[in-house]
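This briefing is for a reader new to the structure shown below. It covers a sheet and its helices, a surface patch, backbone angles and salt bridges.

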Amino acid sequence: TGRKYPQNKNKIKNPLWNGADIPTAYILFKDKDISRIRPITSYFKHPLRKILGMAHAGITHIMSQVNKKIRGHYTLNIGKPENLLPMIKHINKLSKEQPQCMKIETYMGDIKKMYTELLHSEIKKAVDWILQLYADRFGNTIKIRKRLRTDPLTRDMNVVRGTSHVSEKQYMTITLDQLKQIVHFDLGNTFFKVGTKLYLQIKGIPMGSNLSPALAYRICEYYERRIPNRIPTSRLRFLFGARYMDDLLLIYMYAQGDEVMRQLLETDVQMITDTDREDPIYHKDLKIKPETDPRGAPCLGTLITVETAESGNQTLDIRYLNKNEITIQQTEPFQKTLRLQHIRSFTPMQQKLGIIIGEITRIKRLTLHDEESIKQIKILSQELKLLGYQDSHLKKAICKKFNRTTDLFWHNHRRFF
């Protein structure tokens, strides 16, 4: 008859069956200890990879809005490693404002077994909790861009609130119930193959799924909401935390000589990190393994150390941590960790310069003092020379960044090469 029926503009994309395949599992050796392995599952040919990617963007947006707008919401989530520097500055300012000399201690740990032991029912509870918080404040819908952008300048607009006025051609409206169904489906259908055998993952966050990073954040936030209910404000103001994925950093301070406060804060840290105790903060199936380093607390590509002034007051210092800085400065330098491209690799030169710019940007954002930034850039220069680069390559990368940003940091540092 030629009659046109209205189409559902909010219909979720169909699975991509063309070229689809069941994910294949494989293993990688861990950098820290090659006797241990890390199981990996690739979702590259998963028929729902685009739908899962949209769901990941949606849950990440919901978490961001809850963290910013919901009063009283408590989490240790640092968001990104660059946020460590403002936190360290805040701790130092608080330490200097106290009338007594303050002592600072740190704890660094790694949250284990999120991908292997956690029950799916716990993951569903965490997702339901964060979705309900969002629904109570912002409504039951969100709008997701049909083609997700990866550019950092436009990526924040991939997801907007359901009440936002955006193009229906570019965005689709998804209800929180649909988002929940996608998560539940992924948890219940995490199939993968090893050789000719087919397996179903029945515990833990799905390995390799596009949703997995968002679920890892949600799980930890779900349990961290208990911290303000267990620790009084009088002590919580001297206890600071930063968690990125499964890396956990805790910092606490107390007046020197105040043994009562020290013991109370140590008990608080133990309550957060010990999952074997009765009614723990994190789930009993998760384990937090402490990590120690004689140099300080290595955290998210940085090294955090405690500095003591002549008055006896302690503050924190933070700097970029190069994994090869010890071996590079030896008499016979070598790379312990292969992390940069060789000059003769097939990678285009523009990409190599981009990697150099990225490393220097991290040095800038993760280092407290300018003199330490200069030192770390020179160590990076030594590492690049081992890979066949010249000072001219480093200077070219710095000049390129300065021309794009006009940031004086880049102008001041290019004179060293």
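A residue counts as buried under 20% relative accessible area, as exposed over 50%, and as partly exposed in between. D21 is therefore partly exposed, at 33% relative accessibility. The model is a predicted one. The points below are grouped by topic.

**Sheet and packed helices**

- An open sheet is formed by 3 strands in the order β5-β4-β6, with antiparallel pairing.
- Strands β5 (159–161) and β6 (171–175) are the edges of this sheet, and each of them pairs on one side only.
- On average, neighbouring strands of the sheet are turned by 30 degrees against each other, direction ignored.
- Strand β4, residues 141–145, runs antiparallel to β5 and is joined to it by 3 bridges.
- Within this pairing, K143 of the chain stands opposite V160 in β5.
- Helix α1, made of residues 49–69, packs on the sheet and touches β4, β5 and β6. The direction of α1 makes about 50 degrees with that of β5.
- Helix α4 (residues 176–188) lies across β4 and β6 and runs at about 80 degrees to β6.

**Nonpolar surface patch**

- I22, F191, L198, L200 and I202 make a nonpolar surface patch of about 450 Å².
- One of these residues, I202, is found in the loop between β8 (197–200) and α5 (212–224).
- I202 counts as exposed because its relative accessibility is 62%, and the cut-off for exposed is over 50%.

- K113 is not a glycine, yet its phi is positive, near 70 degrees.
- The loop that holds K113 lies between β3 (102–112) and α3 (120–138).
- With a relative accessible area of 42%, K113 is partly exposed.
- L300, also not a glycine, has a positive phi of about 55 degrees.
- L300 sits in the loop between β12 (297–299) and β13 (302–308).
- L300 counts as buried, because its relative accessibility is 16% and the cut-off for buried is under 20%.

**Salt bridges**

- Side chains of opposite charge can pair when their charged atoms come close.
- The whole structure contains 21 salt bridges.
- One of them joins the side chains of D21 and K193, at 3.2 Å from N to O.
- D21 belongs to the segment before β1 (25–29) and K193 to strand β7 (residues 191–194); the pair links distant parts of the chain, 172 residues apart.
- K193 is partly exposed, at a relative accessible area of 22%.
- Another salt bridge is made by the side chains of E117 and K203, at 3.9 Å from N to O.
- E117 lies in the loop between β3 and α3 and K203 in the loop between β8 and α5, so this pair ties together parts that are 86 residues apart in sequence.
- Both partners are partly exposed: E117 has a relative accessible area of 30%, and K203 has a relative accessibility of 35%.
- R295 and D293 form a salt bridge in which the closest N and O atoms are 3.2 Å apart.
- R295 is partly exposed at 35% relative accessible area, and D293 is partly exposed at 21%.
- Through salt bridges that share partners, D293, R295, R319, E325 and E372 are joined into one network.

Definitions and conventions:
Residues numbered from 1 in each chain as written. Heavy atoms only, no water. Pairing = 2+ DSSP bridges. Helix = DSSP H or I, 4+ residues; strand = E, 2+ residues; numbered from the N terminus. Axes fitted to C-alpha atoms, helices over the stretch in contact; angles between N-to-C directions. Contact = heavy atoms within 4.5 Å. Patch = residues over 30% accessible without salt bridge, like charges linked within 9 Å, V, L, I, M, F, W, Y side chains within 5 Å. Areas by Shrake-Rupley, 256 points an atom, 1.4 Å probe, with all protein chains shown as cover. Salt bridge = Lys/Arg side-chain N within 4 Å of Asp/Glu carboxyl O. Buried < 20%, exposed > 50% of the residue type's maximum accessible area, 1.4 Å probe, protein only.
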